[in-house]
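Dear colleague,

Please find below the structure that I am handing over to you.

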Amino acid sequence: MSLYSIYVLEYGYVPEYDKSGVIYGAHNEGYVKLPYCYAVIKGKDWAAMVDVGYNDKDYGKYLGNLFNVKDWSPPKDVLAEIGLTPEDIKAVFITHAHFDHFGNVEAFPNATFYIQKKELQDWVWAMSLPDRLRWILSGIDTGDILRGVQLARDKRLVVLDGPMENVFPGIDLKVAYDSHTWACMWVSVRNDGQAPSSDTWVLAGDLVYQFENLHGASKQLKIEDLYLPVGLATGSQFNLIMATEAMMKEVGYEARRVIPVHEARLGQTFPSRTTKHNLRVSEICLADQASSAVG
Amino acid sequence: MTAALAIHDPNCSTWDTPAESGADHLVAIGYHDERIAAYLSTLRPVYDAMKRCLGQMAGLLLLLQTRCLDPHRAGVTHDATREILVELSDRLRALKAPEGAQRHFRGLEALVRQLEAGAEQLNRQKDLIDPASADLDALVRRLFAIQHGLLAAAEPRAGLSPVDFTAACCTCRPRSTRQEN
């Protein structure tokens with residue numbers, strides 16, 4: 001039995017991103033393509049997303065240009081590729097508050113958003129720090145926090161204090177504290193609905209960017225296969241590594257079940273196609289009786 | 001130096017960090033009027049402080065609305081916001097805007113007054129708990145207006161940016177930006 005179909009939908013990409021930004025320690029090793037994606041969990045009469053990307057209007061446009069993001073497309077067009085509209089999305093799990101994950105909540109008028117309390121509390125605290133510590137605030141758009149106020153007023157923001165099992169049947173929210181950000185979530189989908197499950201998929205958020213974070217090779221250490229943390233940690237690389245171990249343990253160390261959304265090679269690993277907007281749709285798994293969106 | 005070179009790309013602007021927001025740097029990247037460059041350079045930390053005040057106020061409201069606001073933390077954060085506001089207000093008062101930047105400067109002065117008024121409103125938290133309260137509505141409208149004002153006053157090349165990546169190095173900063181510098 002498979003409860004859900006899972007997709008990773010590209011909404012834009014950076015053609016050349018420093019490899020050292022993706023993999024800690026990969027200095028002077030050139031550039032990699034960095035897709036910007038969100039994940040969709042689609043049930044029979046229900047759909048949820050992991051993160052919402054950013055909005056390419058107002059300041060989002062500037063940020064996109066700054067990061068050299070190409071072919072940005074709105075959720076309306078991206079979701080249409082799998083037969084959904086933004087209005088169909090009922091829940092969104094915000095893994096963390098960076099602009100490219102929390103920056104487009106207005107596009108989903110019927111969704112309830114889930115985020116960690118510590119993620120919000122600590123960003124607010126960080127804003128009280130002196131100017132010389134402002135690096136800590138990299139990637140945070142105060143406009144997103146403001147839009148969060150509006151969500152809260154509308155009772156569409158659920159603030160969690162720690163992990164939560166079965167937020168929806170078979171879907172668990174887990175937390176890696178002081179890692180990529182203060183309280184970065186990942187999403188476990190037990191697609192057989194069982195606990196323990198033999199059919200778990202982990203949607204890693206930014207705790208894992210690409211396959212090398214799961215199966216890396218260190219030139220410096222001369223080790224061929226090890227976890228390598230992502231290049232950006234507000235917290236610590238130690239916590240990123242321990243989160244990777246926790247995710248891998250959940251999937252019985254079957255690395256292909258940990259899904260890194262910034263990984264362009266998902267297109268070679270899972271059934272995928274490229275849309276007319278030059279963006280990739282990857283189908284991670286299919287629910288019972290669901291039709292393929294990429295076949 | 002040798003060890004550090006092994007870490008950062010040789011073209012990484014991290015090597016220039018102390019000068020990057022300075023007036024000389026702004027002249028070098030195309031702000032030909034030195035008085036404007038000096039104005040923007042002095043203004044950068046003030047603009048950042050305004051942004052952080054706005055973020056703190058919005059964050060406090062968000063935590064209040066979601067019943068996650070710890071009273072002690074609220075007090076500390078609110079005090080910090082007020083301190084930053086006093087400091088940035090003093091710094092802005094001490095700043096002499098050159099001709100050609102007067103309108104920009106007056107806009108920022110108006111935004112500081114809006115921030116001060118917002119901080120006063122935020123003092124009355126019990127009036128802001130009810131999601132339907134008129135006080136909350138007024139404060140949220142004010143904060144969005146400040147946000148729009150900050151967007152209008154942004155000058156990202158000079159570091160006046162609603163979302164700051166200028167302090168990021170080659171490990172987290174886009175290639176295109178580094179090439180500009």
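**The interface and chain B**

Arg153(A) and Asp137(B) form a salt bridge, with their closest N and O atoms 3.2 Å apart; the term denotes a side-chain nitrogen of Lys or Arg within 4 Å of a carboxyl oxygen of Asp or Glu. The rule finds 2 salt bridges across the interface of chain A and chain B.

The model is predicted, so local features need pLDDT of at least 70 and side-chain atom pairs count only at pLDDT 80 or more, while totals for chains, interfaces and linings use all residues. Residues are numbered from 1 along each chain as its sequence is written, chains are lettered from A and ligands numbered from 1 in the order in which they are written, and side-chain values use heavy atoms, with hydrogens and water left out.

In the interface, 48 residues of chain A are in contact (heavy atoms within 4.5 Å) with 52 residues of chain B. About 4400 Å² is buried between the two chains, and carbon and sulfur atoms give 61% of this area; buried area is the accessible area (1.4 Å probe) that two parts lose on being put together, summed over both.

Chain B has 8 helices and 0 strands, where helices (H or I, at least four residues) and strands (E, at least two) are DSSP runs numbered from the N terminus. Of the 181 residues in chain B, 52% are buried, that is, under 20% relative accessible area (1.4 Å probe, protein chains only). Among contacts in chain B between residues at least 6 apart in sequence, 70% join residues at least 24 apart.

Yours sincerely

Technical notes:
Buried means under 20% relative accessible area, exposed over 50%, partly exposed in between (1.4 Å probe, protein chains only).
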